[in-house]
Number of protein chains: 2
Amino acid sequence: MSFQFDILESSGDARVGCLKTPHGEIQTPAFMPVGTQGSVKSVSPDQLLSVSVEVVLANAYHLSLRPGADIVAELGGLHRFMGWKRPILTDSGGFQVFSLAAIRKVTDRGVEFRSHIDGSLKFLGPSEAIDIQEKLGADMIMVLDDCPPYPADPDRLRSSLERSMNWAKQCQESKTRDDQLLLGIVQGGTDLGLRSECVSRLTELNFGAYAIGGVAVGEGWDKIRTIVAHTAPLLPQDRVRYLMGVASPGELVHAISCGIDLFDCVLPTRNGRNGVAFTSEGRVRIRGQIHKTDPGPLDPNCDCPACVGYSRGYLRHLSKSGELLSGTLVSLHNISFFQKLVARARQAIREDKLPELLAWCDEKYPVSVPV
Amino acid sequence: MSFQFDILESSGDARVGCLKTPHGEIQTPAFMPVGTQGSVKSVSPDQLLSVSVEVVLANAYHLSLRPGADIVAELGGLHRFMGWKRPILTDSGGFQVFSLAAIRKVTDRGVEFRSHIDGSLKFLGPSEAIDIQEKLGADMIMVLDDCPPYPADPDRLRSSLERSMNWAKQCQESKTRDDQLLLGIVQGGTDLGLRSECVSRLTELNFGAYAIGGVAVGEGWDKIRTIVAHTAPLLPQDRVRYLMGVASPGELVHAISCGIDLFDCVLPTRNGRNGVAFTSEGRVRIRGQIHKTDPGPLDPNCDCPACVGYSRGYLRHLSKSGELLSGTLVSLHNISFFQKLVARARQAIREDKLPELLAWCDEKYPVSVPV
């Protein structure tokens with residue numbers, strides 16, 4: 001068995017688990033920093049290790065366009081390519097092909113599109129998505145799905161669901177490697193009936209793990225919470241559950257309380273590069289005048305390299321001066337914040353105190369404030 | 001005694017030494033990576049330590065304009081501000097004020113100019129330059145000098161020399177801290193007579209160490225070599241000699257053979273951000289098609305983190321994709337290259353083999369190829 005998922009503790013629907021992969025264990029709930037193009041932006045693998053990251057995400061769409069999956073394979077696969085020895089998950093590229101590329105044609109076979117990099121004509125179908133992800137060689141890979149925009153009319157939601165289910169099955173059939181865990185993706189938009197139907201049809205196919213996709217596409221926090229609260233408990237208890245693209249602290253802890261195990265989001269690194277930090281005292285905009293002569297750390301309750309080594313005054317100076325080290329340090333801190341948040345969630349589950357943690361998140365990171 | 005300079009070995013005019021400073025020892029000849037705004041661009045202090053950097057340079061002009069010398073002082077001084085515990089040298093800002101700022105007026109008292117950041121009116125004279133550098137608190141500080149452009153007519157060279165000598169004396173008189181080593185700067189352009197005169201007048205003032213300034217301003221490698229070969233041996237044997245802003249490998253080793261101890265240059269980091277690497281096999285442009293599937297390291301003879309952890313194929317991908325990690329890794333390697341080059345020079349001096357090292361540099365980094 002290349003993979004094993006054990007639930008160690010639970011509290012309501014929430015659970016603490018451990019996922020064993022060919023590249024090591026992941027303590028769940030876990031947060032995956034995003035390395036779209038094979039690099040977590042402005043942070044090195046050593047720095048990721050220094051803040052206890054166990055798993056990162058990369059994107060099959062981006063890597064297949066540049067440098068190309070064959071080249072990554074020739075260079076020893078994604079782990080060796082990136083210099084990251086721990087687990088990796090690759091997204092199939094469904095979301096990217098529907099959001100970034102200029103689409104020429106979508107059929108049941110797949111999507112014909114133009115690369116957003118050089119405009120060249122490409123084709124991505126379920127078997128191509130699996131082929132690419134097998135060449136990349138991540139530990140966890142995703143089915144190709146048809147990602148409808150938000151809002152989408154019922155017909156579009158229905159047809160996209162049908163297509164996604166066909167593709168999910170084809171992905172499963174195309175898969176040849178047994179050292180990769182293939183995740184099915186629940187679609188259905190904000191229609192809870194469709195979400196339920198999608199879960200039934202996917203679980204019939206019996207995937208090794210499941211993701212909730214098609215969220216955080218503009219529907220707002222309330223709807224995300226509703227979708228997650230409805231969908232997560234329907235998924236098989238004994239399989240890893242991954243909520244795609246969500247990482248506001250409150251959403252994350254709410255989703256954990258619904259039984260989600262895995263998260264990813266670009267927020268820690270994107271905000272980091274813009275000088276916005278997640279701290280134990282709430283959001284900090286490091287460029288603010290108020291930090292000009294502040295000798296204290298970004299977060300007094302953090303032991304990450306950025307907080308141990310540097311003052312707010314210095315980080316403000318770096319950010320105002322356009323120094324690249326600013327993006328590195330604030331991103332690293334933000335990643336550390338999310339690692340600590342999921343660690344706190346694991347502890348809270350053990351102590352039946354998840355509601356307290358959720359209340360803390362909602363107080364420090366109110367949903368009314370856009371991220 | 002806060003400072004002590006011991007010459008441990010010599011070979012011709014070249015010497016191996018050790019400079020003791022309040023923040024630790026510097027093995028000379030030494031290379032200083034440049035952290036103009038208080039950060040060696042895209043590289044963290046931890047990463048600098050990982051490639052054995054002993055001293056970095058920062059710029060008083062830039063730091064005085066942003067965030068301001070008082071703010072750096074309030075935040076504990078430059079070492080604490082930057083998170084760098086080893087020695088620092090600050091340049092006075094003479095070169096920057098004459099090359100970057102919009103000058104309104106130059107008098108014997110100093111320079112009135114507009115900040116290149118916000119256009120505000122500023123004044124920098126010798127006592128201001130020392131005051132700023134005392135607030136910053138580097139281990140080594142520089143006199144303010146009048147830096148003529150290249151080419152400059154004899155009158156301009158003469159008047160700039162007179163002014164620089166006056167300012168050097170005033171800097172010396174303004175200095176109050178005894179834990180900082182003040183370096184006098186030899187000017188005189190390409191006029192060797194003026195260079196000699198400048199050395200006599202500066203050494204009469206008896207500085208703790210000396211720099212050769214006004215080189216690498218467009219005069220070309222031949223003239224730089226001539227100026228250095230003429231000037232370095234005139235400087236007192238028992239004082240550190242610093243050649244400002246020069247770091248082509250051949251120039252550096254030639255200068256070492258003339259008795260220079262200290263170097264700085266932005267080349268390793270600037271080239272690093274542009275994907276150009278200094279390697280033991282010559283210059284490598286990492287974006288080249290040839291590296292596309294190359295599994296080998298940037299430099300097979302290097303043990304820096306970039307060479308140990310990553311392939312040329314990956315570094316090419318990062319650089320082509322605009323990933324910031326590319327600038328970090330190639331800069332780090334380039335800094336490591338210059339650390340190794342000065343270490344090789346120290347060894348070559350011990351073994352009387354500097355000409356062999358110079359020949360190697362001139363072969364791998366021919367002066368005919370622009371840097």
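Predicted model: local features only at pLDDT ≥ 70, side-chain atom pairs only at ≥ 80, totals over all residues.
I counted six buried residues among the eight, so strand 2 of chain B is largely enclosed by the rest of the structure.

**Entry: partners of strand 2.** I then looked up the pairing on either side in sequence. Strand 1 (residues 4–11) of chain B runs antiparallel to strand 2 of chain B, with seven bridges. Within this pair I found B:E9 opposite B:V16. Two residues separate the strands of this hairpin, and B:G12 there has a positive phi near 65 degrees. With strand 3 (residues 24–28) of chain B, strand 2 of chain B again pairs in the antiparallel sense, over five bridges. Here I noted B:L19 opposite B:I26.

**Entry: nonpolar core.** I next examined the largest nonpolar core, which holds 229 residues; A:L183 and B:L183 touch the most other members. At least three of its residues come from each of domain 1 (16–265) and domain 2 (267–371) of chain B. Beyond four places in sequence, I listed the contacts of B:L183, among them B:M140, B:V143, B:F207 and B:Y242.

**Entry: contact between chains.** Finally I turned to chains A and B, each of which gives 33 residues to the contact. On the side of chain A, helix 13 supplies the largest share, five residues. I recorded that side as eleven nonpolar, 15 polar and seven charged residues.

How values were computed:
Residues numbered from 1 in each chain as written. Chains lettered and ligands numbered in written order. Core = buried A, V, L, I, M, F, W, Y, C linked by C-beta atoms within 7 Å. Buried ≥ 20, exposed ≤ 12 C-beta atoms within 10 Å, placed from the backbone. Domains from an automatic or database assignment. Contact = placed C-beta atoms within 7 Å. Helix = DSSP H or I, 4+ residues; strand = E, 2+ residues; numbered from the N terminus. Nonpolar A, V, L, I, M, F, W, Y, C, P; charged D, E, K, R; others polar. Pairing = 2+ DSSP bridges.
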